[in-house]
Amino acid sequence: MIYFDHSATTPIRPEVLEQMNIVNRDYFANPSSIYKTGRKSRSLIEKARFQIAAAIGAKSEQIYFSSGGTEANNQVLWTIANQKNKHVIISSVEHPAITKVLEKIKPYGVETSTIPVDDKGIVLTNELMNLIRPNTGLISIMLANNEIGSIQPIKEIIKKISNHNIPLHTDAVQALGKIEIDVNELGIDYLSLSAHKFYGPKGVGALFVNKDNNIKPFIIGGDQENGLRGGTENIAGIVGMGLAAELAIKDQNTCVAKLKKLEKHFLNNLKEHIPSAKHNKTNNLPGLISISFPGNKSNILMAKLDRASIAVSNGSACNTGNIKPSKVLKAIGLDDNINLSTLRISFGKDNTIDEVDFLIKTLIEIL
Ligand SMILES: Cc1ncc(COP(=O)(O)O)c(C=O)c1O
């Protein structure tokens, strides 16, 4: 299988897997236990917390582990449901781990306003000020989009709202290891991460919380994670996430250069051999390309590529054979026909030029 769907998930790094296996085998003691082996488990978690904090310019005590990006987003949004200022502003290209949660918490009085994006998927920051209300309790705008790879001007947005005392959350699940993240430089209040998007394990993520904020637990139980996330910690997953984050930052420049090379090679060949294909250009998260093939349904294209052992994704939410136009592609102005003919190709650090050539050759044959 040639895998070009790294925005969906990434293969785990062998050295991360090895560490996780060692932890699972040798360090099973509960990190809340005070005897020696429990303290060892605790120290493994704290090392990983430090690694993740270092990857985003944070302090260890600002990192809270979760079961992934979805839970981290939920924790921020459910906090709003339980506070006085219940108005939330989001962009029109947010992940369902934001939009569906906001639907769910409507009955608690949470209201949502949406900032549109331009045809490159970038939020129209000038519209933001008109949406702010006296009861706006949160602005949540993703750092990088998972379908088209647009990167949002978070720093500029924070500057714009600096006169208002409104916390800003960013879903940075797609960003770590591909663009630099410095929470202090961004001036962000909350930031969500997920390990399986940067060659770490699935089912583990983290939320950065700037200490001045008033976050509430979402998973309620024991006093783990300083009382903000109940449940015995997933020690191996957390260790895997910490190491994956450290390696993602260490290799970031090499990895990004490789992704850009693959991308350029693909786009040049596409232009030459399949000129009818339409590249949905953005300011571009490295390695993620959204391409429409007018007149061809994306689910059929995907199935034919799958038959040739190539894994890509379509730009639209796919439910048991019924494909619906993607909300993100709608938001950038694609009509339904083009929307439903869009593929997302997301390269990874281990893809090769030969694999990209095979993709082009196969697309030519299919089309
Ligand atoms: C932008 C974005 N946010 C959140 C998530 C959910 O993360 P997780 O799978 O860790 O729950 C994803 C995963 O697809 C994503 O791309």
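Reply: A residue is called buried if 20 or more other C-beta atoms lie within 10 Å of its own, exposed if 12 or fewer do, and partly exposed in between, with the C-beta atoms placed from the backbone. The model is a predicted one, in which local features need pLDDT of at least 70 and side-chain atom pairs count only at pLDDT 80 or more, while totals for chains, interfaces and linings use all residues. Residues are numbered from 1 along each chain as its sequence is written.

Me: Is Pro96 buried, partly exposed or exposed?
Reply: Pro96 is found in helix H4 (residues 96-104), where helices (H or I, at least four residues) and strands (E, at least two) are DSSP runs numbered from the N terminus. Because 13 other C-beta atoms lie within 10 Å, Pro96 is partly exposed.

Me: And is Arg39 buried or exposed?
Reply: Arg39 lies in helix H2 (residues 36-55), and its C-alpha atom is separated by 8.4 Å from that of Ala29, 10 residues away along the chain. With 12 other C-beta atoms within 10 Å, Arg39 is exposed.

Me: How many residues of domain 2 are in contact with domain 1?
Reply: The domain assignment, which is automatic or from a database, gives domain 1 (14-250) and domain 2 (252-366), and their centres, taken over C-alpha atoms, are 28 Å apart. Two residues are in contact if their C-beta atoms, placed from the backbone, lie within 7 Å. On that basis 21 residues of domain 1 touch residues of domain 2, and the number of domain 2 residues in contact is 21.

Me: Over what arc do the buried residues of H13 fall, seen down its axis?
Reply: Helix H13 (residues 353-366) has 14 residues and should span 20 Å at 1.5 Å a residue, a value with which its end C-alpha atoms agree, being 20 Å apart; the expected span is 1.5 Å times one less than the number of residues. Its buried residues Val356, Leu359 and Leu363 pack against helix H9 (252-273) and strand E11 (310-311), whereas Asp354, Ile364 and Glu365 are exposed on the other side. The arc is that of the directions from the helix axis to the C-beta atoms, and the buried residues line one face of H13 because they fall within 55°.

Me: Which exposed residues does H10 carry on the face turned away from its buried side?
Reply: In helix H10 (residues 298-307), the buried residues are Ser298, Leu301, Met302 and Leu305. These four cover an arc of only 100° around the axis, which puts them on the same side of H10. The face turned away from that side carries Ala303 and Arg307.

Me: What positive phi does Ser309 take, although it is not a glycine?
Reply: Ser309 lies in the loop between H10 and E11, and it is exposed because 11 other C-beta atoms lie within 10 Å. Although Ser309 is not a glycine, its phi is positive, at about 65°.

Me: Is Glu225 buried or exposed?
Reply: Glu225 is another residue other than glycine with a positive phi, here near 50°, and its place is in the loop between strand E8 (205-209) and H8. Since 20 other C-beta atoms lie within 10 Å of its own, Glu225 is buried.
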